Structure formats: structure tokens, C-alpha cells
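Subject: Model for you to look at

Hello,

Here is the structure I promised to pass on. Please open it next to this email and follow along.

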Amino acid sequence: MIIDVSHYQRSIDWKEVGKIIDYAILRCGYGGNVKSQDDKEFAYNANKCEKYGIPYAVYLYSYAKNISNVESEIRHVLRMIRNHKVVLPIYYDIEEQYICNNYPVEQFACQFVKAIRDNGYKAGIYSGNYLFNTYLKGVE
């Protein structure tokens with residue numbers, strides 16, 4: 001079993017949760033590299049997963065509308081994971097239909113994935129089936 005966690009779940013008893021899940025996917029934040037857009041529970045969640053041996057992936061919810069925004073989102077993720085042991089992929093979460101309709105999200109996603117891989121991590125896309133198949137099929 002996999003769980004998707006952000007600050008909305010508040011403090012989680014990771015010792016107990018770790019007994020019933022295979023791994024977690026933790027939101028580190030959303031948008032650009034601005035401290036106010038950090039997920040308030042990310043450090044707690046990552047630290048507890050590490051303490052209890054729970055493998056975890058990370059995702060950043062994207063609002064990028066241009067290449068500069070994507071670069072800021074990349075810096076955001078790298079800042080958030082700097083002192084953590086992320087062994088599963090780092091995902092670029094693309095769910096905004098408006099952004100998919102009006103901006104080159106496939107190009108943005110390719111840039112994000114490449115940068116994350118260039119920094120030594122596994123990377124992928126976190127999105128719904130329709131958005132992925134309509135806007136993101138070319139991301140490798």
C-alpha cells in the first residue's frame with residue numbers, strides 16, 4: 001500500500017503507519033522556491049520515514065507558466081530534499097487543467113525530470129491519466 005501525504009494530514013504516527021504501508025509519497029511543497037510554499041510537514045514526515053525505515057518518494061505540485069518558474073520549482077525541490085535520504089523518485093505533480101491547456105507543460109516536465117536526474121535522483125511525473133496521455137506523453 002502507498003499513501004500520499006501533505007500537511008493536510010497533520011502529524012502522522014509514522015511508527016504505526018509504517019506497519020501497514022509499503023512506502024509513502026510526500027509533498028515537499030508547491031510552486032516556486034519560496035519558503036511560504038514549502039509543505040509545513042515535509043521535514044517531519046521525511047525525518048519520521050527515515051527513522052522508521054519507510055521508503056518515500058517526493059513530489060512538488062507545479063504551477064509553472066514559463067521556464068523561469070520551472071527552474072524555481074527545481075530549486076525548490078532540491079532545497080527541500082537537501083538533508084534527506086530520498087531513495088524513491090522525485091515527482092513533478094502536474095494537475096492544473098488551465099496550465100495544461102495554455103502552457104507547454106510537456107517541455108516543462110522534460111526540463112524538471114532532466115534536472116532532477118542530473119542531480120542524481122530518479123524522477124517522474126505525477127498526474128492524472130487524462131492529463132498525462134493528452135499533454136505529457138513525450139516525457140521520458
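Below is what turned up, starting with the salt bridges. Please keep in mind that this is a predicted model.

**Salt bridges**

In general, side chains of opposite charge can pair when their charged atoms come close.

**Arg27 and Asp39**

Start with this pair. Arg27 and Asp39 form a salt bridge, and their closest N and O atoms are 2.9 Å apart. The pair links distant parts of the chain. Arg27 is in strand 2, while Asp39 sits in the loop between strand 2 and helix 2. They are 12 residues apart.

Buried or exposed, what is Arg27? Arg27 counts as buried, because its relative accessibility is 9% and the cut-off for buried is under 20%. Asp39 has a relative accessible area of 3%, so it is buried too.

Asp39 has other neighbours as well. Leaving out residues up to four places away in sequence, Asp39 touches Ser6, His7, Arg27, Cys28, Gly29 and Met80. For orientation, the loop that holds Asp39 runs between strand 2 (23–30) and helix 2 (42–51).

**Lys35 and Asp38**

The side chains of Lys35 and Asp38 also meet in a salt bridge, at 3.9 Å from N to O. Lys35 is exposed, with 64% relative accessibility. Asp38 is buried, at 12% relative accessible area. Which residues make up the salt-bridge network here? Lys35, Asp38 and Arg79 are linked in it.

**Lys19 and Glu16**

Lys19 pairs with Glu16 in a salt bridge. The closest N and O atoms are 3.0 Å apart. Lys19 is exposed, with a relative accessible area of 58%. Glu16 has 40% relative accessibility, so it counts as partly exposed.

**A backbone point**

Most residues other than glycine have a negative phi. Arg10 is not a glycine, yet its phi is positive, at about 60 degrees. Where is Arg10? Arg10 lies in the loop between strand 1 (2–5) and helix 1 (14–17). With 64% relative accessibility, Arg10 counts as exposed.

**To recap**

Arg27 and Asp39 are a salt-bridged pair. Lys35 and Asp38 belong to a network with Arg79. Arg10 carries a positive phi.

Best wishes

Key
Residues numbered from 1 in each chain as written. Predicted model: local features only at pLDDT ≥ 70, side-chain atom pairs only at ≥ 80, totals over all residues. Heavy atoms only, no water. Helix = DSSP H or I, 4+ residues; strand = E, 2+ residues; numbered from the N terminus. Buried < 20%, exposed > 50% of the residue type's maximum accessible area, 1.4 Å probe, protein only. Contact = heavy atoms within 4.5 Å. Salt bridge = Lys/Arg side-chain N within 4 Å of Asp/Glu carboxyl O.
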